[in-house]
Amino acid sequence: MFLIKFAETLGDHALYYVNQAGRMGIFLLLVFYNILKPPYYKITNIIRQIYSIGSLSIFVIIFTGAFTGMVLGLQGYNTLSKFSSEGMLGSAVALSLIKELGPVLTALMVTGRAGSAICAEIGIMRNSEQIDALECMAIDPHKYVVAPKFIATILSMPLLTAIFDVIGILGGYVVGVGMMGLNEGTYFYTMYKDVEFADVNMGFIKSLCFGLLVVWICSAKGYFVHLERRGGFGAEGVSRATTSAVVISSVAVLVFDYIITSLMI
Amino acid sequence: MEPIIQMINVFKTFGKQQVLKGVNLSLYEGKTTVIVGESGQGKSSILKHILGLVKPDKGKIIVYGKDINKISSKELKDIRANFGVLFQNSALFDSMTVFDNVALPLRERTNKSEEEIKEIVNEKLEMMDIHDSNDKYPAQLSGGMRKRVGLARALVLNPKIVFFDEPTTGLDVALSNEMYRVFFRTQTALKYTALIVSHDVPKIFKLADYVALMHNGIIQDSLPPEDFQTSENPVIRAFVEKTMGRIYESEKVEG
């Protein structure tokens, strides 16, 4: 009896997750199909989304970028000085930021600030029948609601990452040169000498992939909020979906960071 | 007369609950059909099946001669271009103004200029007796106004079939009557086919060409209002007595 019950529960869970994975895959294909299919978007619609997802995230990106760079400068200087290699601080800060911390921390910040908003907005639209209303008006919600958010996030993420990197490098400069007394020319020269195009390329590809992951998971969680296993209706349903979207996106960013690094290193 | 929409033996189960147990229903061009029944009987579910928002487990839904569950999404879109829907909670886009809500179908589905769109939207809002509210957001409107804006949006492309999901729920008697007057006025002007899901018995009978009773997962019968009220079908009889019978136990108590 216990074994039958166990098998039933296991099968039920397996079916649910296979269904969910299929739904997410089809959702992604439909969104890309709608992005590429004419009629194309009104530019104002995309700009509005870039403003809400990208521009409004700039402050938090500058703030986290500055402090990440500063702490890297401080830790890096102390560690390198043990080996009398303080001169390498510039390249250590720049490489850590460009290849790793810039894309990852930007993606985590965008998930928390914009990803949660995307999930909640679409989830509320679903629960208040606004998505149904669009379908009944023969307006595809994948094209009208979701696709502009995809385009805006994928465009914004590399730009935000670039801002994070530059501010982080300046943060490292403030600590390394301004506070620790490292030579200014040394800081920038080692950076110029050691950072290659392949490093920038890796950071760029990571930021594109993370942008796609975050917007995909967050918008799909909102879009399918009514199919959530533990009941996706009402304010509680949306809040649960938003929490799970942020958690899954953050974990996915870290997992894919490892995968992309291992493929590109 | 050939029906324009037919539900044939439709079954649907949500979770462990079987909501539709072989529903058969026909809608005729230019006529108003009202689905009545107690709460939780699956009235709104019928609407969602016809709109193609929910797929049946078994059975067919034929709209303009096509089974909507066996056609491509492009064909379904073309069929939906004939639909207008007033949702129970109006389903207005809360981040858009009244004007933008009503203008949305015109902006997304037609190539009309902003000038033309403005003219059509204002005409529809006038028809609904809504003045000076173009720049308001749905949250700033009363329940009755929200419903009328929802109806203006549903009618903005002059659809052939309009669906109403509980159009007077949450409205007081005066606003309900106003909603029925708006319905009558717009249907006379635009001559659309209407399907109304309602529990506002017997008032809704005045608007109906056919009344269908949903009970126990099936449509018991779809009859003209007079025939519905005198039907011999025991389930319809019981419903009529329950909803239209006297409130008091005896005339003496009623006074």
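Residues are numbered from 1 along each chain as its sequence is written, and chains are lettered from A and ligands numbered from 1 in the order in which they are written. In this predicted model, local features need pLDDT of at least 70 and side-chain atom pairs count only at pLDDT 80 or more, whereas totals for chains, interfaces and linings use all residues; side-chain values use heavy atoms, with hydrogens and water left out.

**View 1. Packing of helices α4 and α6 in chain A.** Helix α4 (residues 89-127) of chain A packs against helix α6 (residues 141-179) of chain A at an angle of about 145 degrees, and their axes lie 7 Å apart. Axes are lines fitted to C-alpha atoms, for helices over the stretch in contact, with angles running from 0 to 180 degrees between N-to-C directions; helices (H or I, at least four residues) and strands (E, at least two) are DSSP runs, numbered from the N terminus.

**View 2. The open six-stranded sheet of chain B.** The strands follow the order β6-β7-β8-β3-β9-β10 with mixed pairing, where two strands pair if DSSP finds at least two bridges between them. At the edges stand β6 (83-86) and β10 (218-223) of chain B, each of which pairs on one side only. Within the sheet, strand β3 (residues 32-36) of chain B and strand β8 (residues 193-197) of chain B are parallel and share four bridges, and B:Val34 has B:Ile196 of β8(B) as its bridge partner.

**View 3. Strands β1, β4 and β5 of chain B.** Strand β1 (residues 3-14) of chain B runs antiparallel to strand β4 (residues 58-63) of chain B, the two being joined by five bridges, and B:Ile8 stands opposite B:Lys60 of β4(B). β4(B) also pairs in the antiparallel sense with strand β5 (residues 66-67) of chain B, over two bridges, with B:Val63 opposite B:Lys66 of β5(B). The hairpin of β4(B) and β5(B) has two residues between the strands, and B:Tyr64 there takes a positive phi near 50 degrees.

**View 4. The interface between chain A and chain B.** Here 17 residues of chain A are in contact (heavy atoms within 4.5 Å) with 22 residues of chain B. The count of salt bridges between chain A and chain B is two, a salt bridge being a side-chain nitrogen of Lys or Arg within 4 Å of a carboxyl oxygen of Asp or Glu. The side chains of A:Glu135 and B:Arg80 form a salt bridge, at 3.7 Å from N to O.
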